[in-house]
Each structure stands twice: as C-alpha cells, then as structure tokens.
Amino acid sequence: MSLTAHIPSHRKPRRSASKLAVRAGVAGGVLSTLAMAGTASATPSAEPAHETTLEMPVLDLDLSAEVSSSVAKAAENTRALAVDGELNALEETARTGAAAEAKQLKADAQEKADAEKKAKAEADRKAEAERASRSTARTPIQSTSGSSSSNGSSSSGSSSQGKGTVTAPATGSAAAIVNFARAQVGKAYVMGGTGPSSFDCSGLVQAAYRQAGISLPRMSQAQSSAGTSVSLSALQPGDILYWGSKGSAYHVAVYVGGGKFVGAQNPSTGIVERSLSYDRPTGAVRVL
C-alpha cells in the first residue's frame, strides 16, 4: 500500500449542524409525545388538577324568627316582673299611706273634738258669768217686789203671778217631782247621764217624773211636746220648761215653784236651782 494512499477513517462523518438541529427537534417532539402518552396511560381517569374549594352546608332555618320570638318572650317576662314589682310597691305604699292618713284623721278629729269641747266650756262659762251678772243686777228689783208682796200689795202679787212666779206649794205627784229635782242640786252634769250621781238636762227631768210613776221620753225634743202647752204666766210646780222650739227643744228643766226651776245646765255649773230670770225659758208643758 502506498504511503500516500487514502486510508479511510473509522470515525463517523460529522453531520451538519442543521441536520443535528432537525434531529434534535424531532427527538424532542417524540419524547414529549411519549411523556404525554405515558402520563395519560398512567392516570386515565384522573381529572385535571383544579384548586379545591370547600363549601359549607347551607341550613335552611328561619333564625331571625326564632331570635325575634325569644327576644319578645324575654321582654314580656321582664315587663311582667316589672309590673308585678310596681303593683306590689304601689300596694305597700297605698297601705302605708292609708294607715298614716287614718291616724292623721283620727288625730285631727280628736283635736277638733277637744277644741269644740273647750270652746263649749268657755262659752258656758261666759254665759254663766253673764247670767250671774244679770241676776245680780235684778236682785234689788226682786227684793223690792218681795217687800211689796209681804206688805199685802195686791198689785205686786198680781204682777208676780204675771211673771209666772207661782208660790203655791207642790202637792201629790208634783211634790214628788219637785223634791227629787231639788235633791239633785249640786250633782255633776254629764252628757247622756241618767243618774244617780250625774245627769244631763233630759235625764234629770225623766228621773224626776219617774218618782211620780210617769214615764217620759228620753230626749229633750220629745219631752218638750209630751204634755199640754201652758203659759209662763200660769206655771205650776212640776211643769216642764223648755228652751228652743216645742218639739225640737235643746234644753229642759223642772219648774219647782216660787219663780224658780231646777235643771242640769252644763258641765261647768252642774245641776242648779235658778230663777226664771236667770235664763228665761221659751215655753212650758204640763204632764200632770
């Protein structure tokens, strides 16, 4: 063999860059196809990957109605408790107020009664003083009249009769009435008293007439119309004297003769014997 002869090389001939690029692209495409096919055959039923979102179950409940009902019920219970508490408080207040008002009314009534009693006693005292003053002022005239009568002056005697100063002594039932009435002089006057230690005006008259077996009404109004009306100028012992209107008299007494009467006057004087001029009566009735 010649030294210059061409000896074929054992190396593979170089491929051109373009061919290599084409082959590389084909190979890459094949590999990509195989990879996708392999993936598809490995997970044939797998779903494409998506972002997982959890949804909460929806409760089909009308919570607003339930809440509203509960709130309304609670409010109603609270209101009922408040009303009960208020009613109890009002009841207690009313009870306390009523007790206090009753106590105050009682105190006011007692105070008024005491004031009226005091005023009446004061009025009676003043009336007694005024009557005593009038009686003292009239004493000389009465004494003169008595002197004239003792001298036998008939004119004086008739004048005395005209004034109702009958001097004839009481007898029989009249004497029993008069004697009882005079025996009570000095005892106390007590409203509603019927004896034996104290009387009011009608209680004394009733008790005096009981001595003669005569039953009289209890009150002065009825006693003033119990008998026959008589003139004050024609009085007899035992006649009932009254002050005020007949049938509605506010005071009564017993005529005892000699121009005098016995009566339970008032708490200040008690039972006294007085001249008719001391407190001239309105009228008189005769029961005997």
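## Strand pairing around β5

Strand β4 (residues 240-243) pairs with β5 in the antiparallel sense, over four bridges. The model described here is predicted. Within this pairing, tryptophan 243 has histidine 251 of β5 as its bridge partner.

Strand β5 also pairs with strand β6 (residues 260-266), again in the antiparallel sense, here over three bridges. Tyrosine 255 has phenylalanine 261 of β6 as its bridge partner. The two strands β5 and β6 form a hairpin with two residues between them. Glycine 258, in the turn of this hairpin, has a positive phi of about 65°.

## Burial of β5

Strand β5 covers residues 251-257, and seven of its seven residues are buried, so the strand is largely enclosed by the rest of the structure. In a regular strand, side chains alternate between the two faces of the sheet.

Side chains of opposite charge can pair when their charged atoms come close. A search of the whole structure finds four salt bridges. One of them joins the side chains of arginine 95 and glutamate 92, at 2.6 Å from N to O.

Both arginine 95 and glutamate 92 lie in helix α2 (residues 63-150), where they are three residues apart, or about one turn of the helix. Arginine 95 is partly exposed, with a relative accessible area of 45%. Glutamate 92 also counts as partly exposed, at 42% relative accessibility.

The side chains of glutamate 273 and arginine 182 meet in another salt bridge, at 3.2 Å from N to O. Glutamate 273 belongs to strand β7 (residues 270-275) and arginine 182 to helix α4 (residues 172-183), so the pair ties together parts that are 91 residues apart in sequence.

Glutamate 273 is partly exposed, its relative accessible area being 26%. Arginine 182 is likewise partly exposed, with a value of 37%.

## A salt bridge between two loops

A further salt bridge brings together the side chains of arginine 218 and aspartate 200, at 3.0 Å from N to O. This pair links distant parts of the chain, 18 residues apart. Arginine 218 is in the loop between α5 (201-210) and α6 (220-223), whereas aspartate 200 is in the loop between β2 (198-199) and α5.

Arginine 218 has a relative accessibility of 24% and counts as partly exposed. Aspartate 200, at 6% relative accessibility, counts as buried, because the cut-off for burial is under 20% relative accessible area.

How values were computed. Residues are numbered from 1 along each chain as its sequence is written. This is a predicted model: local features need pLDDT of at least 70, side-chain atom pairs count only at pLDDT 80 or more; totals for chains, interfaces and linings use all residues. Side-chain values use heavy atoms; hydrogens and water are left out. Buried means under 20% relative accessible area, exposed over 50%, partly exposed in between (1.4 Å probe, protein chains only). Two strands pair if DSSP finds at least two bridges between them.
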